[in-house]
Amino acid sequence: MISFLIGLLVDIFYNTAGVHASACVAVGYLRSYIIKFLFPTKGVENEIVISLKDMGAERFVRYVAILTIIHHSMLFFVEAGGFQFFLITVLKIICSVVFTTFMIITLQYVRGN
């Protein structure tokens, strides 16, 4: 529900008719599966704090990169309206994932937690 509301809020300000809401809902749905994949210990999804300090650099980068790839892939392919601009869309996804992941990691270092 929170994912949808955040995506809808972005859609309202960018006037994008549900594109961000759909991408955020996909990430929100797949998030628990990604956590179970990265942290196979039973029951850890209720105990883990998502931060660079608590997860460690390798796991945090993998977590952020996977969810960012899912979000941006959904966002850009829905925005493109299909696969007719496949190479351009993949290039946009790669560049956006690299930049977004870099910014998230930088903000985690600045935050200092």
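Which residue just after H4 takes a positive phi? I looked up the end of the helix and found Gly81, with a phi of about 80°.

I note that this is a predicted model, where local features need pLDDT of at least 70, side-chain atom pairs count only at pLDDT 80 or more, and totals for chains, interfaces and linings use all residues. Residues are numbered from 1 along each chain as its sequence is written, and side-chain values use heavy atoms, with hydrogens and water left out.

**Helix H4.** I took helices as DSSP runs (H or I, at least four residues), numbered from the N terminus. H4 covers residues 57-80, 24 residues in total. From first C-alpha to last it reaches 33 Å, close to the expected 34 Å (1.5 Å times one less than the number of residues).

I then listed its buried residues (under 20% relative accessible area, 1.4 Å probe, protein chains only); among them are Phe60, Tyr63, His71 and Leu75. The buried residues pack against helices H2 (19-38), H3 (52-55) and H5 (86-111).

**His20.** This residue lies in helix H2. I found His20 buried, because its relative accessible area is 17%. Apart from neighbours within four places in sequence, His20 is in contact (heavy atoms within 4.5 Å) with Gly7, Val10, Asp11 and Leu75.

**H4 and H5.** I checked the axes (lines fitted to C-alpha atoms over the stretch in contact, with angles from 0 to 180 degrees between N-to-C directions). The axes of H4 and H5 come within 9 Å and cross at roughly 145°. The residues making the contact include Phe60, Val64 and Phe76 of H4, and Val90, Ile93 and Ile104 of H5.

Terms used
Helices (H or I, at least four residues) and strands (E, at least two) are DSSP runs, numbered from the N terminus. Buried means under 20% relative accessible area, exposed over 50%, partly exposed in between (1.4 Å probe, protein chains only).
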